[in-house]
Amino acid sequence: MLSRAVPLQAETSKSCFSCRIEVEQLDEALNLEGAWLFTRDDRPENALPETSTQDWVLAEAPGPWNKIYGDKQNFNIGWYRGNFHFSEAMLGQTVVFYVDAYMSKMDVYLDGKPIFERSGQETHKKYFSIQPVPITFQVTKPDHVITLRINTRLMTGIYQSPFQLRPFKVYDPFINFFQIFCGELRYLFAYIFFWTGAFFLILFARTRYPLYLVSGLTGIGIYPFYAMPNDIAMKYFDPDTLLVLHYPGIGFMALGYFLFSQFFKSANRKASIAYITIIMLYALSFLYLTFDFHMGFFQIARKSLFIVSFAIATHGVINCMHGFKTDKRVAIAIVGQIFFWMCSGHDILLALGLIKSTSLIFVGTFCGIFSIMLITTQLFAETFIDNKRLLKKVELINEGLEKTVQERTLNLLEKTQEIASILDSLPEGILEADRDLKTLGNYSQAVTGILGTEDIAGRDLFALVFASCNLTPDALAQARSVLDMSLGESRFTFEANKGGLPTEILAEIQGKKKVLAIGWSVICDQNDNADKVLVTLNDITRQKSLEQESVQLRLRARIIEAVIDGSQSRLISLIRQAHRNMSSFWSTAHWSQLDSTSVYRELHTLKGNSRTFELTELSNLCHLAETELAQFKKEPNKQNFVSVDSSVTEVLKSLTNLMGFIEGVSKGIDGVRQAQGQALHPQIVQDMKHRLEAIKDGGPIADMLQALTYINAARITEGLKDTFRPIAKSLGKEEAQFHEVLSPGLLVDASFAQSVQDMLGHLVRNSLDHGIEKPDDRQRQGKSTQGQITIELALTDGALRMRYRDDGSGLDLNLIRDKGAQAGLCSATETGTAKILECIFHSGFTTARQLTMISGRGVGMDVIQNEIKRWQGQLRWVNHPSQVTEMSRVPFDLEILFPARLAYQLAAHLSQVA
C-alpha cells in the first residue's frame, strides 16, 4: 500500500499540505511538495510543537520566498513546519526526511529537539553543499512535528526537488545518485576541465594559436561554478562567500562559448569586447558582494546573469549554425550549446519559482564545455597526426634499430624467464595459512628441513614457526594482530601494516640455533582482499656466521697490520685507552658512589669511536650500557645498578678479548724480531739515525729529544674521510669533504694527539648528524651536495691553535636558548651569544628530537669541554655576534687555543740545527 498525504480539512486552510501529513505505510518515498506552514519571524520558540502558527502563512515548497508576503521585502531566514501523523504500522520504523536547501545554513527540529544542524565551516561534519540532505529519525509516536529553520541568501529556502519522506535503507541508490550528481561529480569535472584548460594554455604558450587560449580559459573559467560550492572548499571558506563567487563561472562559460564560435564565423570584434566587458563587470560585482553584501543587489545580479548568459550563448549558437556550412565538426558544439541553452532556460524558470524541479545547469554547462574541449582536442589530434606523417621517413630509418631492440628485448625476456626458473628452484621454505592462521597443505618440501618437522599442515602458524625464538611475547602479539587485522581486508591494509611483522628470528630447532629470514605476502581473492598469508623461510645461519667471522677476520687483520707496521695505531690506542679507563671506573664502582657522569661520558666516546672503526658489536654493547646508565641516572637505586653492571661488564669483556688478541700478536711479533737480533722496529731505528745525524753540536738538543716522543700532526686527521663515510651514508648524506690546513713539520704530544682525535670524532659526528644538510636541501640553498669540513692546526703566537668549522645549517640560538631555559641553564630572555652557547657543553644537553646510535645523549660536547680543560685549553667561537639577532642561526666555527708545549715545529728547529 502506497503512502498518501491528506491536507487538513478544517482550521487553517484547505490548501495547507503540511498542516497534517498522514503516513499510513512507507513502502515508497512520499512526495512532500506542496503548501507548507511558513514564517519569516525568526524566534527560537518556533521550533516547539506547542508554538501557535496562527500568524504563519503558506509557502510553496520547493519555491522562492519573494511572493509569499507580497511586500517585496528581502529576508534571509525562514521557518517551515510540517505536522506528521503516522499509522500504528509505522511506529518503531526509521525514516529519512530528504530535503534540498541548496547551500543554506539549516537547522532541523523533531518535536522541538534538534536532529540536524549545519552552520557553515564545520571540521567534523559534511556540509552537503548543493546536495539534498538525508535526515534520519525513528517514528516513536503517532504524531511528530518537523520544523526547519533555513538561512539563505537566495530567497529560496527549500530550493528544488527531491523533497521527500523516504523509507530508511542501508544502501539507497536514489540518495547515492543525488549525492554524486550534485556533489562529487561536479568536483570531478571541475578538475578535469581545469587541467584540460591548463593543458590548452600550455599549448597556446608554445604555438600562439588563439583557439587554444579560448578553450583553455573557458575550461578554467567554469571552475568556480563547479568547485566553489564543494564541501572541500568549505573547509577553508564560508559557504555564503562561495555561494556568491560560484555564479561568475556561468558567465565565463557562456562568454567562452561565444568566443569559440567565432572561429567558425567571421569574428565580431565589437560584440566580443562588449560581452567580455559585461561578464567582467558581473564578476567584479559578485566579488564586491563578498565584502559588502546587499541582498537586493545580489538577487538582481544573480537572476540577470542567467538571462545575460542565456543571450550570449544564443549568439554563440547562431554563429555555430553559420559555421556548420563550412565545417561539419561544429555540429558537436551546436548540440552541446543547445543543451546548455535548454538547461539555462529550465533553471531560470526554477529560480523564478515557475516550476518545481531539480537544477540542470550543471548538465547544461557540462555539455557546452565538453563540446568545446572535444572539438579542440580533435583539432589538436589532427595537427599531431599531420606532424607524425612528416616523421615517416625518420621512422623508416629507425625500423632497423627497432628490429634490433625487439630482438634484444626477446633475448632479455628469455634470460628473465631463465632466471625466474632458477629462483623457483632455490631451497626456500614456502607455506600458506588461512584467515585463522592455520597452515594449509600447500607447502614446499624445504619447510620440513628448515623447521625440523613433518607435522606442518593444520598447525597454528605462530606455534609452528615461532615456537622457540628470540621474539618477546609483545612482538609476537603485535605480529598476530597485524595479520588478524589485514586478512579479509584490502591488500593496501596489509601493505600499510606489514612493517610490524618480523623479518628475521633466532630460533632453537632440534637443539640447534638457527637464524631464519622470513618474508611475508598475501594471496588475494577476486575483490583484491587478502584471503591467505604466504610465508617464505630461509635458513641463513651459515651466512650470518660467515658475516660474523668476516667481521672478526677484518678486525684481526687490521690489528695485526697495525702491530707489524709499528705505528701508534689509532685503533690499538683506542682499545687500550678504553680498556684502561673502563677498568679504572668499574673497579671501584658501587651504586651509591658511582660517578655516573664520567662513566656515561666514557661510554659515549667509546661508542662513537667504535662505530667509526666499524666495531659494531662493541658499539651496540656501549649503546645498551648507555641506555641502562641513563635510567640509573634518573632513578639511582640498586635494582637499576644491576642492569648497568651487567651491561658494562659485557663492554669490559669485549674490550678484554680485544686486548688479549692485541697482546698475543704483539708478543709473537716481538719474539720474531728478537730472534733476528732486532729488538726495535726497523722504522724506529731508522728515524733515530736521521735525528742523531741532524744534531751536530748543542743547539736545541733538549727540544729535539723531547720531540722524539711526539708524532706527526698529520696523523691526527689521517683517514677521516674513509672513517666517517659509513656514518654519512647511514644518515642519507654524501660523504663530507675534509680540508686539512696543518703546518708543515708540526709534531704534537702523542697523548694529546689521541685526545684531539677523540674531540674531532665528536665534532665530525655532530656535523654530519645535526649541521650538514641532506643533498637535496643543500642544492636548494645553492651549496654543493657534499658537506665541507675544515680543520686547521698551527703553532702560532705562542699557542697551539686548532680551528674546526663546517658549512652546514649552523647553530640555532633560539632553539638552544629554549632548551637551555627548560633545563635551567639560562634565562628564556637571554640575548648574549656566549651565554647561550655555554648550554651545549652541559652534560645531557641536546637539541636532537630522538635518540639514535649516533647522537641524542647530550654527551659529545660535554666530552670536548672536559678534554679542553684537561689540556688547559681556551675555547672561543669565531665570527659570532655578541648578541642574538633576528637571524637566529650562526655558523659552527670553533677555535681552541692549547699551550705551545704540546706541539713542536720541526722546520723551525731544524733551521737552528743546520
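The buried residues of helix 6 are covered by elements that include helix 4 (239–245), helix 5 and helix 7 (295–323), where contact means heavy atoms within 4.5 Å and buried means under 20% relative accessible area, with exposed over 50% and partly exposed in between (1.4 Å probe, protein chains only). Helices (H or I, at least four residues) and strands (E, at least two) are DSSP runs, numbered from the N terminus. The model is predicted, and local features need pLDDT of at least 70, side-chain atom pairs count only at pLDDT 80 or more, and totals for chains, interfaces and linings use all residues. Residues are numbered from 1 along each chain as its sequence is written, and side-chain values use heavy atoms, with hydrogens and water left out.

Helix 6 spans residues 269–291. Its 23 residues reach 34 Å from the first C-alpha to the last, close to the 33 Å expected at 1.5 Å a residue; the expected span is 1.5 Å times one less than the number of residues. Buried in helix 6 are A271, S272, Y275, I279, Y282, A283, F286 and L289. Helix 2 (residues 210–221) has 12 residues and a span of 16 Å between its first and last C-alpha, close to the expected 16 Å. The buried positions of helix 2 are L211, Y212, V214, S215, G216, T218, G219 and G221, and they pack against helix 1, helix 3 (223–227), helix 5 (248–261) and helix 9 (361–390).

A nonpolar core is taken as a set of buried Ala, Val, Leu, Ile, Met, Phe, Trp, Tyr and Cys residues joined through side-chain atoms within 4.5 Å. The largest such core has 55 residues, and Y226, Y247 and F286 have the most contacts inside it. Helix 1 (residues 173–207) gives the most to this core, with 11 residues. Y226 touches R186, F189, A190, F193, F362, T365 and F366, residues up to four places away in sequence not being counted. Another core, of 49 residues, lies apart from it and has I789, M861, W877 and V884 among its members.

Strands of a sheet pair through backbone hydrogen bonds, either parallel or antiparallel. Two strands are taken to pair if DSSP finds at least two bridges between them. Five strands form an open, antiparallel sheet in the order 13-12-16-15-14. Strand 13 (439–443) and strand 14 (504–509) stand at the edges with a single partner strand each, so one side of each has no neighbour in the sheet. Neighbouring strands of this sheet are turned by 35° against each other on average, direction ignored; the axes are lines fitted to C-alpha atoms, for helices over the stretch in contact, and angles run from 0 to 180 degrees between N-to-C directions. Strand 14 is joined to the antiparallel strand 15 (residues 512–524) by six bridges, and L506 has V515 in strand 15 as its bridge partner.

Elsewhere, strand 10 (residues 143–151) has eight of its nine residues buried and is therefore largely enclosed by the rest of the structure. Strand 10 pairs in the antiparallel sense with strand 5 (residues 77–86) over nine bridges, with H85 opposite D143. Six bridges link strand 10 to strand 7 (residues 105–110), also in the antiparallel sense, and here Y109 stands opposite T147.

With a disulfide defined as a pair of cysteine sulfur atoms within 2.5 Å, the count comes to one. The sulfur atoms of C16 and C19 are 1.8 Å apart and form this disulfide.
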